[in-house]
Amino acid sequence: MTAASLALGESLTVVDGEASTIRIDRGEVWLTEHGSFIDHILVAGQAYTFDRPGTAIVTAQADSRVTVLVPHEGPPPARIATAWRTL
């Protein structure tokens, strides 16, 4: 489990996070996954399970706090990072 606070406009990148789940604890985020034609807006209390390998970008639409939950089986994401730090 990895938690991160994101300021308005700050992004979190998840690389190869397939089967990991992102939970929005506070705020609102925009989520896009490489190779998907569908983007998602998620608000506090919602969650999304990444459904493909590659890069997903989660951008705060308001000051937010998110938690990335790794799958019980299988590998964890290869990388979880903001522009300023690797988590």
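Modeller: Let's start with Ala19, which lies in the loop between β2 and β3 of this predicted model.

Biologist: Okay, why is Ala19 called partly exposed?

Modeller: Its relative accessibility is 39%. Buried would need a value under 20% and exposed one over 50%, so Ala19 falls in between and counts as partly exposed.

Biologist: Where is Asp16 found, and what is its phi?

Modeller: Asp16 is in the loop between β2 (11-15) and β3 (21-26). Its phi is near 55°, again positive in a residue other than glycine. With a relative accessible area of 38%, Asp16 is partly exposed too.

Biologist: On to charges. How many salt bridges does the structure hold?

Modeller: Two.

Biologist: Why is the contact between Asp25 and Arg23 called a salt bridge?

Modeller: The N to O distance between their side chains is 2.7 Å. The cut-off is within 4 Å, so the Asp25 and Arg23 pair qualifies.

Biologist: And what makes Arg52 and Asp51 a salt bridge?

Modeller: Same test: their side chains meet at 3.1 Å, N to O, which is within 4 Å, so that pair counts.

Biologist: How do you know whether Arg52 is buried or partly exposed?

Modeller: Arg52 has 25% relative accessibility.

Definitions and conventions
Residues numbered from 1 in each chain as written. Predicted model: local features only at pLDDT ≥ 70, side-chain atom pairs only at ≥ 80, totals over all residues. Heavy atoms only, no water. Buried < 20%, exposed > 50% of the residue type's maximum accessible area, 1.4 Å probe, protein only. Helix = DSSP H or I, 4+ residues; strand = E, 2+ residues; numbered from the N terminus.
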